[in-house]
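Student: Let's go through this structure pocket by pocket. Ready when you are.

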Amino acid sequence: ELMLLEWYMQVPPVTRIYLTLVGLVTVLVHLNYVTPVTLFFSKALLKQGQYWRLVTSFFYLGELSLDWVLHVYFLARYCEQLETGAFRNRTADFLYMMLLFWIMILLGAWFVKIPFLSQSLVFAVTYLWSRRNPNIPMGFFGVLNFQAAYLCWVLIGFSVILHQVIPTADFLGLLAGHIYYYLEDVYPRLLASRGQRLLKTPLWLEQ
């Protein structure tokens with residue numbers, strides 16, 4: 001318990017807050033204080049004024065299960081590594097990235113029926129980490145060895161085999177992650193960009 005607490009306190013702020021909210025929502029649902037019906041994203045219910053769904057749909061990763069554990073692991077691992085690596089001492093930039101993911105995923109969910117958007121956010125973070133660390137060797141349950149650049153495709157393949165459906169939420173997260181990666185990492189290096197960053201963090205957030 002002490003080691004878990006020490007790890008928790010060492011997790012960078014944005015990742016720690018998000019993990020805490022995910023854990024809190026999971027516990028509240030598990031204890032029947034909150035039902036998933038009140039959390040999911042719905043265009044029809046938004047039009048009725050239930051605007052909290054724009055936020056709550058990002059904090060529920062499903063019931064306690066192996067799938068939940070895996071998603072929380074990916075969230076904790078890759079969110080933390082981004083915040084302490086590429087975004088080290090750049091908390092405002094990391095928070096802005098998460099905000100952009102939130103906006104892009106919400107826009108996508110308006111056209112594709114996905115009730116809970118937390119999985120898409122986890123996948124967007126995982127995708128960005130994999131693109132920024134493409135050559136790191138990885139393994140999947142000790143069976144498949146590959147480089148980090150292929151991590152998301154391996155996860156999608158595993159999801160298809162396990163659930164026998166196209167993982168729409170994963171693809172939405174992948175799309176959001178790729179848009180951010182292209183605009184932040186690729187476009188500024190193009191001659192046409194003249195070194196301009198399109199996703200520069202607003203001053204009000206840096207303050």
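**Pockets and linings**

Student: Which helices and which strand each supply at least two residues of the largest pocket's lining?
Tutor: This is a predicted model: local features need pLDDT of at least 70, side-chain atom pairs 80 or more, while totals for chains, interfaces and linings use all residues. Numbering starts from 1 along each chain, and side-chain values use heavy atoms, without hydrogens or water. A pocket is an open set of 1 Å grid points fitting a 1.4 Å probe, with protein on both sides within 12 Å along at least five of seven lines; lining residues have an atom within 4 Å of a point. The suppliers are H5 (66-84), H7 (118-132), H8 (151-163), H9 (168-186) and S1 (137-140).

Student: Which element gives the most to that lining?
Tutor: Helices are DSSP runs of H or I, at least four residues; strands are E, at least two. Seven lining residues of the largest pocket come from the top contributor, H5.

Student: What is the largest pocket's volume, and which residues are closest to its centre?
Tutor: The space is about 770 Å³. The lining has 36 residues. Closest to the centre are Asp67, His71, Gln119, Ser159 and Asp170.

Student: Which residues are closest to the centre of the second largest pocket?
Tutor: The second largest pocket holds about 310 Å³. Of its 13 lining residues, those closest to the centre are Tyr18, Phe59, Leu95, Met98 and Leu99.

Student: Which helices each supply at least two residues of the second pocket's lining?
Tutor: Look at the lining of the second largest pocket. Its suppliers at that level are H2 (13-30) and H6 (91-109).

Note on methods:
Points joined across faces, edges and corners; volume = space filled by probe spheres on them.
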